[in-house]
Amino acid sequence: MNDKLYILAALFLVFVIITALPIEVSSFAIANFNAPILTPSQAIYNEPWVGTIVYTYAYSTHTDEFNALLDGKVDFITLTHVSEIEELKTAPYNQTAFLAIAPQESFGQIAFAFGNNLTSNIYFRYAISSLINPENVTSYVLDNGVLGTDEPYFVNPSLQVYTQWFNPQAEAYYNQYESYNLTRAVMYLEKVPGVTHVNGQWYYNGKPLKLTFYYTYPPETLKRFAELLASSAAAINLSITPVSETFATLITQATTPPFNDFNMTTFGWINLGPFPNSWMNGIYTSPGNVGGFSNSTIDQVLQNALNAPTLAQEENYTKQADLLLQQQLPYVIYTWSNAIQAVYLPNWADYIYLASGTPEYAINIMDVHPTNQALNGTFIFSSISSDLPRHINIYASVSLYAFNTLDDMYDSLGISPLNNPTQVIPWVASSWQVQKPVTMTLPNGDKIVNGSIITVNLVHNDTWIDGVPLTAYDVNFTVWYYDLPGMMGTNTFDGVTLNYTFLSNEGFINTDLFGTIPSLVWTNVTNPYQIVFYLNSSSYVNEYLVLTEYPIMPAHAIAPVNVVTLYHSTLAPEISSGPYMFSSFNSEAKTVTVTYNPYYFRINPLIFMQNVTEGKSVNVTSEFQYYTWNNVTSSLVPNPVNGTAVMWLKYLNVSGEGYGNATSPVKMSMIAPGTYMGTINTTGLKPGIYEVVSKVMWDNGTRELFSYKSLNVTPSQVVTTTKPPTTTTTSSNTTIEIVAGVIIVIIIVAILVVVLRRR
C-alpha cells in the first residue's frame with residue numbers, strides 16, 4: 001500500500017518453534033505482530049494484512065475528519081490545523097490517536113508567467129524573492145515549523161534523502177542575491193524594462209504597477225503567505241493583491257500557453273522521489289510545468305544528470321543544475337512541507353512511522369491489521385471530499401488519491417525500502433542483471449552508446465485475480481502502452497496498434513507516467529518470465545525507474561479496450577494482481593473500497609497455521625475463486641474454480657534446510673465447487689515450520705491460482721524402556737552483489753526467500 005514503500009530488513013521474520021494449540025494467526029511467530037507503531041526497520045514485507053480498506057472522501061474539512069478520528073469513525077486522517085495538531089500532542093501515545101509528523105518530499109513555490117515581459121524578467125523574480133523573509137514564513141505562515149519550513153532551494157538540504165544532492169553554492173548564491181532585502185528588492189525592480197519609480201510610486205509602461213498573486217489550497221496557510229508577501233511589498237510601496245482561486249484554474253493558467261494570463265501564482269509538487277535529477281528533469285525541461293520557462297543549458301545539464309554512468313557523476317551534474325536553477329529562478333521556493341497524519345490506535349497494530357522523511361504520508365499502513373488478527377477488520381482511510389478521484393483507472397489516473405487505491409491493486413517489478421529509498425529490492429521481479437556500458441545497434445535499428453542492458457526475471461507464482469499468470473508480456477505491454485518519447489505516429493506491439501500522435505494531441509496519455517524513462521529505447525521478451533530492457537544510458541537512476549516506475553497492467557484485460565474509451569472510463573477492467581482487489585467505487589457515498597486478495601503471492605503463510613506431530617497425517621483445505629469483470633455493473637464477479645489441484649510443502653524454518661520443496665506434489669480432491677482438500681503425510685519430516693502450497697489449474701492449464709498456509713511439525717514422542725541395572729557402569733558421551741566483468745547480478749540470500757518465494 002501507499003506506493004509500495006517497504007523495507008528490506010522486514011524480510012527477516014522471527015520464527016520460533018510453536019508448541020501451542022492450533023492457531024490462525026500467531027503473534028509470537030510474526031515479529032512485532034501487535035506493536036502499535038513500527039519503525040521502518042521493523043516493517044514486514046508481506047501483504048495483505050487487513051481484511052478491507054475503505055478510502056472515504058465523505059468529510060468536507062480536515063476538522064470534520066479530526067472529530068471523526070477522535071470518535072473512532074475513521075482510522076487515518078491528514079491534519080492542517082495547528083490547534084488540532086497541538087491537541088493531539090497532549091494525547092497519550094497508547095490511547096486514542098497517534099500523531100505523526102515527518103519532512104516530506106514536497107515543495108510549494110511562486111510561479112511566474114514567462115509569456116509576460118514583466119514577470120519573465122529575471123530581475124522581477126529576484127525582486128519578489130528579496131521581499132520574502134524565510135524566518136517569517138516558517139514562523140507565521142508555517143506555524144513555527146509545524147507545517148514545514150522555508151528552505152528557499154530547489155533541493156532541500158534538510159531532507160536526509162537529498163543531503164548528498166544539495167549544492168552549497170546555491171545557498172551562497174541565494175544569500176548574496178536573492179535573500180530578504182527590501183533595499184535590494186527596490187534596486188532589482190528598477191532594473192526591469194518598462195518599470196519606473198517616480199516619487200515612491202511604481203509604474204509599468206506608464207501605468208500604475210498593480211500586481212495580482214493567485215493562491216489556492218490550503219487556503220488558511222496560503223492566505224497567510226499571500227498577506228505576508230503583500231505586506232512586505234507594501235513596505236516598498238509596491239501593490240500586490242492576493243486573490244483566492246480554484247486549483248484547476250491556477251494549474252490551467254500556469255501550464256497553458258501563452259503563459260500570460262497571470263502575474264504570479266502558487267502551486268506545489270508532492271511525492272518527488274529520492275532522485276532530484278529525475279524529478280528535476282521531469283519538472284524543469286517542460287515549459288508547461290514552469291509557466292513557460294525554458295533554458296537549453298539547464299535542459300542539457302539535467303539530461304547529463306539523468307544519463308551519467310555513476311551515481312557520483314549524477315550527483316555532480318544535479319548540483320550544477322541546482323545552482324543554475326537558483327540563478328535563473330523559474331520559481332521562488334517558499335516552503336518544504338511536513339507530512340502530518342494521525343491514526344486511530346484502539347484495536348489496531350503495526351502502523352509504520354516514517355519519522356525521517358516521506359514522499360507522501362508520515363504513516364505507512366502496509367502492515368496495519370486488527371490487534372491479534374489478520375485479514376479481518378475494516379480500515380477507514382479518510383481524505384477530504386475535494387480530493388475524491390475522478391476515476392480509479394490504472395491507465396488514466398494521475399492523482400495521489402487514486403493511486404492510494406491503485407497501489408493496493410497493482411504491483412511493480414521492484415520496490416524501494418523505507419529506510420533506503422534509493423535502493424531497489426525484488427517484488428514481481430525475482431532477480432535482475434545489469435550489463436554496462438554497452439554500445440550496440442538494436443534489431444529495431446536504434447543504437448545505444450554507453451548504454452545498459454537490464455535482464456529481469458519474474459517470479460513464477462504471481463497471477464491476476466482471473467487466474468491468468470502475470471508474465472513478462474504484461475510488463476512489456478505496460479511499458480509501451482503508457483508510451484515513451486519517440487513513440488509518436490502509429491505503432492504496433494503485442495498485437496495492439498495505437499496512433500500515439502492522435503492520443504498525445506487529444507490529451508489521452510497519462511502525463512504522470514508518460515516519458516518517465518526517457519532513455520528506454522527497446523525491450524525484448526525472451527521467455528514468459530524474462531524481459532530485457534535496453535537503455536541509452538548507463539545511469540543508476542534509469543535502472544531504478546525501469547524497476548519501480550510502472551504499475552504493471554494486465555495486457556489481456558486492457559488491450560481489448562479502445563484506448564480513448566479506456567482513458568475516459570471511470571473504472572478500467574479491475575483485473576488486478578496486488579494484495580487487494582477492487583470492491584466498489586461509490587461516488588454518492590464518496591468511498592472506494594478494496595478487499596484482500598487471498599491468492600496474493602506475497603501473503604504471509606504464517607497467518608494460516610496448523611500444528612501436527614511428526615508421523616501424523618493432516619488434511620488441508622483450500623478454496624479457489626477467480627474473478628471476472630462485468631462491464632455493465634462495473635464490478636468483479638466471483639466464480640468457483642473447477643480444475644485440477646495439487647499441494648506440496650516447502651521448507652520455511654527447518655534446521656539445516658534452505659527454502660525449497662520439502663515434498664512432491666500430491667493431488668487434492670474437489671469436495672465442493674471451488675473447494676479442494678488434500679492430505680499430507682508428515683512421516684519423516686524434520687521438526688520445524690513448512691509452507692503449504694496449494695495450486696489449482698484450469699482452462700487446459702492456461703489459468704492458475706495459488707494458496708498459501710503453514711504447518712508446524714513437532715517431534716513425535718520417543719518411548720524408552722528401562723533395563724535392569726547391571727554391575728557395569730558406562731558413560732555416554734543480504735543480499736549479495738556479485739560483479740563479473742560488467743555484469744552485476746542481484747541475488748537474494750537464503751534467509752530472505754521466506755517471502756520472496758522464487759519459483
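Let's start with a pair of residues: Thr-196 has Tyr-203, in strand S8, as its bridge partner. The model you are looking at is predicted, so local features need pLDDT of at least 70 and side-chain atom pairs count only at pLDDT 80 or more, while totals for chains, interfaces and linings use all residues. Residues are numbered from 1 along each chain as its sequence is written, and side-chain values use heavy atoms, leaving out hydrogens and water.

Now step back to the sheet around that pair. Strand S8 (residues 201-204) runs antiparallel to S7, and four bridges join them; strands count as paired if DSSP finds at least two bridges between them. Three strands in the order S7-S8-S9 make up this open, antiparallel sheet. At its edges lie S7 (195-198) and S9 (207-208), each pairing on one side only. Helix H6 (residues 182-191) packs on the sheet and touches S7 and S8, its direction making about 125 degrees with that of S7. Touching here means contact, with heavy atoms within 4.5 Å, and angles run from 0 to 180 degrees between N-to-C directions. Helices (H or I, at least four residues) and strands (E, at least two) are DSSP runs, numbered from the N terminus.

Next comes helix H3 (residues 122-130), which is largely enclosed by the rest of the structure because seven of its nine residues are buried, that is, under 20% relative accessible area with a 1.4 Å probe, protein chains only. Among them are Phe-124, Arg-125 and Tyr-126.

Finally, visit Asn-277 in helix H9 (residues 276-284). Asn-277 is buried, with a relative accessible area of 0%.

Notes
Buried means under 20% relative accessible area, exposed over 50%, partly exposed in between (1.4 Å probe, protein chains only).
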